[in-house]
Amino acid sequence: MSDDHLYRRGVGVMLLNAEGLVWVGRRIDYTDEAWQMPQGGMDKGEAPWDTALRELEEETGIAPYLVERIADCPERLRYDLPPELRSSLWKGKWKGQLQDWYLCRFLGHDRDVDIATKHPEFNEWKWVEPRLLPDLIVPFKRDLYRDLLRHFGVHF
């Protein structure tokens, strides 16, 4: 029997620019250096790809027409929250997140990025080498980022 019901459904986007670098934002709500790719939870009845485009725009200001879908991760990936965060995030309802991930190409220019959104999640952003991703993310998401590099690595 699966324990998927213990995980919040979500999505994530690995966004590449023309140079093959990946977009990351520094979390506004984390005191340490915590950089991550855009991600978020699915609304009831929402399709994963639609969620990915919505979350990307909500977090980065990047409009859907500036995004080209390159690949879908062949499996849903999950991370577990550390025990000390479980009661405070998502009202303690979820053990972690189970996510669909998409590799996308950014068709715009840096000026098309605007992290000063209605509900900002990032206070800074940058483009980084894909191999650096696991070192930039919070420790409990590192394995997920390593899995993404394994799945999407043939594309960069």
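**Salt bridges in close-up**

**View 1. Arg-54 and Asp-43 meet in a salt bridge through their side chains, N to O at 3.7 Å.** Arg-54 sits in helix 1 (residues 48-60), Asp-43 in the loop between strand 4 (39-41) and helix 1. The two are eleven residues apart, and the pair links distant parts of the chain. A salt bridge here is a side-chain nitrogen of Lys or Arg within 4 Å of a carboxyl oxygen of Asp or Glu. Helices (H or I, at least four residues) and strands (E, at least two) are DSSP runs, numbered from the N terminus. Asp-43 is partly exposed, at 45% relative accessible area. Buried means under 20%, exposed over 50%, partly exposed in between (1.4 Å probe, protein chains only).

This is a predicted model: local features need pLDDT of at least 70, side-chain atom pairs count only at pLDDT 80 or more, and totals for chains, interfaces and linings use all residues. Residues are numbered from 1 along each chain as its sequence is written, and side-chain values use heavy atoms, leaving out hydrogens and water.

**View 2. Asp-100 pairs with Arg-9 in a salt bridge, closest N and O atoms 2.8 Å apart.** Asp-100 belongs to strand 7 (residues 96-106) and Arg-9 to strand 1 (residues 7-16), so the contact ties together parts 91 residues apart in sequence. Asp-100 is buried, at 14% relative accessible area. Arg-9 is partly exposed, at 24%.

**View 3. Arg-150 forms a salt bridge with Asp-147, closest N and O atoms 3.2 Å apart.** Both lie in helix 4 (residues 142-152), three residues and about one helical turn apart. Arg-150 is exposed, at 53% relative accessible area. Asp-147 is partly exposed, at 26%.
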